[in-house]
Amino acid sequence: MQEIDQALKNSRSVFDVRKIRSGNKLYSFLRQDSSARARYLVYEHDPSTCYVFSFNDSLNITPIQKAIKSEIKYASGSIERHCGMQ
């Protein structure tokens with residue numbers, strides 16, 4: 001709990017945890033030893049931004065900008081005849 005509290009205090013200049021939104025994705029990566037302590041938390045703030053909370057040697061918060069690729073697709077068709085309605 002102390003590590004989490006310290007991470008929250010350290011994060012204010014990078015990310016204010018009060019802006020965490022219900023429904024957004026939050027991933028946790030745990031140590032695979034008997035302690036099962038958190039190594040990382042990854043919070044997806046929006047489609048282009050996530051924050052990595054690292055609990056390794058020191059507590060760090062890193063913002064990550066993801067590339068957004070947009071595509072425009074077109075489709076066309078024609079109606080040959082109208083069936084079923086009179």
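What share of the contacts in the protein with a separation of 6 or more is accounted for by residues 24 or more positions apart? The share is 25%, where contact means heavy atoms within 4.5 Å. The structure is a predicted model, in which local features need pLDDT of at least 70 and side-chain atom pairs count only at pLDDT 80 or more, while totals for chains, interfaces and linings use all residues. Residues are numbered from 1 along each chain as its sequence is written, and side-chain values use heavy atoms, with hydrogens and water left out.

Of the 86 residues, 17% count as buried; buried means under 20% relative accessible area, exposed over 50%, and partly exposed in between (1.4 Å probe, protein chains only). The protein exposes about 7,500 Å², of which carbon and sulfur atoms supply 50%; the areas come from the Shrake-Rupley method with a 1.4 Å probe, and for residues only the protein chains shown count as cover.

The largest nonpolar core has six residues: F15, Y43, Y51, F53, F55 and I61. Strand β3 (residues 49–55) gives the largest share of this core, three residues. Such a core is a set of buried Ala, Val, Leu, Ile, Met, Phe, Trp, Tyr and Cys residues joined through side-chain atoms within 4.5 Å. Beyond its neighbours within four places in sequence, F15 touches I20, Y43, H45, Y51 and F53.

Strand β3 also holds S54, which is buried at a relative accessible area of 12%. Apart from neighbours within four places in sequence, S54 has contacts with R39, Y40, L59 and N60.

Side chains of opposite charge can pair when their charged atoms come close. The structure holds three salt bridges, each defined by a side-chain nitrogen of Lys or Arg within 4 Å of a carboxyl oxygen of Asp or Glu. In one of them, E44 pairs with K66, with the closest N and O atoms 3.1 Å apart. This pair links distant parts of the chain, 22 residues apart: E44 lies in strand β2 (residues 38–46) and K66 in the segment after β4 (59–65). E44 is partly exposed at 24% relative accessibility, and K66 is partly exposed at 31%.

K69, E71 and K73 are linked in a salt-bridge network. K69 is exposed, at 70% relative accessibility, and both E71 and K73 are exposed.

Notes
Helices (H or I, at least four residues) and strands (E, at least two) are DSSP runs, numbered from the N terminus.
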